[in-house]
Structure formats: C-alpha cells, structure tokens
Amino acid sequence: MSNKGNQQTQLDLIMEYFKKNPKRDIKHPEIVDWVVSEYKRRTGRIFRDPDRGIRRLSQDGKLIKIGKGIYKYDPEFVKNQKFGDFTSAQKEIIFKRDNYRCVICGKGRADGVEIQADHIKPKDLGSESIIENGQTLCAQHNFRKKNYKQTETGKKMFIRLYELAEYKKDNKLKIFCAEVLKVYEKNKVNGHIVWKK
Ligand SMILES: [Zn+2]
C-alpha cells in the first residue's frame, strides 16, 4: 500500500472511533490506545504517531479541539465546516506553508500587504475546506481571482477560436482573436491561461 493510502486508512480509523462516540469529549490516551491496538489487529502493522493524525483531523475541521489533548466529534459541526471557510488553525498552516506570501505576486505581511486563505477549487463548486485546497493570496489577487472568472471564460474561448481559425485558415478571424488575446496579455489578465501562438 502507498504511504498516502496508508495514512488515509489511519485517519479513517481515528474517525471510526470518534464516530462511534459522537458528541463526547475524548481524551488523548483513550483514542490512541484504541487506534494503535485496532490497527495492529487489522493490519498487523504499527500505527506510528497517532497524535499527528488526530491533530490533522482537528486542523481539517473534522474534529473539534475541546482543550489540551481533548477532542470531540460532532456531525453537525462537520457538516457546517465542510463547505465553510477555513478554520483559523487551517489558515495559519496554509500561510506558514506559503511563507506568509501571496503565491502569485510574492507580496506578504513583510511588505505590509494583507494575506488571505483562498480555496484553490472554489467552495461553490463543492470543494472541501481542507489544507491541500488552500493557498495564500494577497487581498488584491484574491479579489481578482473571485471576480475574473468571466474574463477567464472569455480568454479560453478566444484561444479556442484562434486555434480553430488557424486550422480552417481563416486569417481574418485569426487576426481578430490574436488582437483580443494581446489585450489580455497587455493588461496581465488571466496570465495563468497560456495562449500558445
Ligand atoms: Zn498577490
């Protein structure tokens, strides 16, 4: 089994115990003892660092941290959390991973610029608030990302049209599309969508 798959199984096992004991404050030793022996029984292998797994689930909003070494599972909380915003713990991890800088322009707190945690795949497309789906953006790039979906659709369309015009040898249409796409480039709009000339 791959490392990632292994890790997933371990996290599932931790969740299994919490789900069997919903809405109850569970202390660390109780859950650790159970997952370690249960993992050994089921796989014959050793569950390394269950603490890390528990912390991870808490950071991802799947468990609620009640206090030091005490966690709780609440199905209602998870449901609200799933498609909601990142928790402050998650935000801090995302910011730290990205060195407190916008992943597009590199500006950050050190430059006096406000940073925000952005969902790479937007929430309204049904994506989860998990750390892998988060990135640090400055306020300006976050605003742009949220509002430039329309121009993005347009750019993709003009690229497709340009390629079609080239294929059909329609020079007039090709020139028109090229001019529009040059305006995108000149204004540095949707630079992540590459137009191959
Ligand atoms: Zn930026």
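**A sheet, a helix and a zinc site**

Three strands make up an open sheet, arranged in the order E1-E3-E2 with antiparallel pairing. Strand E1 (26-27) and strand E2 (64-67) form the edges; each has a single partner strand, so one side of each is left without a neighbour in the sheet. The model shown here is a predicted one. Between E2 and strand E3 (residues 70-72), the antiparallel pairing runs over three bridges. Within this part of the sheet, Gly 67 is found opposite Ile 70 in E3. Strands of a sheet are held in pairs by backbone hydrogen bonds, in either a parallel or an antiparallel sense.

After H5 comes Asn 99, with a positive phi near 60°.

The next feature is the zinc site. Four residues coordinate the zinc ion: Cys 102, Cys 105 and Cys 138, each through SG, and His 141 through ND1, at 2.0 to 2.3 Å. The angles that the four donor atoms subtend around the zinc ion are 100 to 115°, and the arrangement is therefore tetrahedral, since four donors count as tetrahedral if all angles lie between 85 and 135 degrees. For four tetrahedral donors at a metal, the ideal angle is 109.5 degrees.

Along the chain, the donors of the zinc ion are spaced as C-x2-C-x32-C-x2-H. One pair among them links distant parts of the chain: Cys 105 sits in the loop between H5 and E4, and His 141 in helix H6 (residues 139-147), 36 residues apart. Cys 105 has a relative accessible area of 33% and is therefore partly exposed. His 141, at 13% relative accessibility, counts as buried, because buried means under 20% relative accessible area.

The last stop is strand E4 (residues 115-119), where Asp 118 lies. Asp 118 has a relative accessible area of 6% and is therefore buried. Leaving aside residues up to four places away in sequence, Asp 118 touches Phe 86, Asn 133, Gly 134, Gln 135, Leu 137, Asn 142 and Lys 145.

How values were computed
Residues numbered from 1 in each chain as written. Predicted model: local features only at pLDDT ≥ 70, side-chain atom pairs only at ≥ 80, totals over all residues. Heavy atoms only, no water. Helix = DSSP H or I, 4+ residues; strand = E, 2+ residues; numbered from the N terminus. Buried < 20%, exposed > 50% of the residue type's maximum accessible area, 1.4 Å probe, protein only. Contact = heavy atoms within 4.5 Å. Pairing = 2+ DSSP bridges. Donors = N, O, S within 2.8 Å, 3.2 Å for Na, K, Ca; no water. Tetrahedral: all angles 85-135°; square planar, octahedral: opposite > 155°, others 65-115°.
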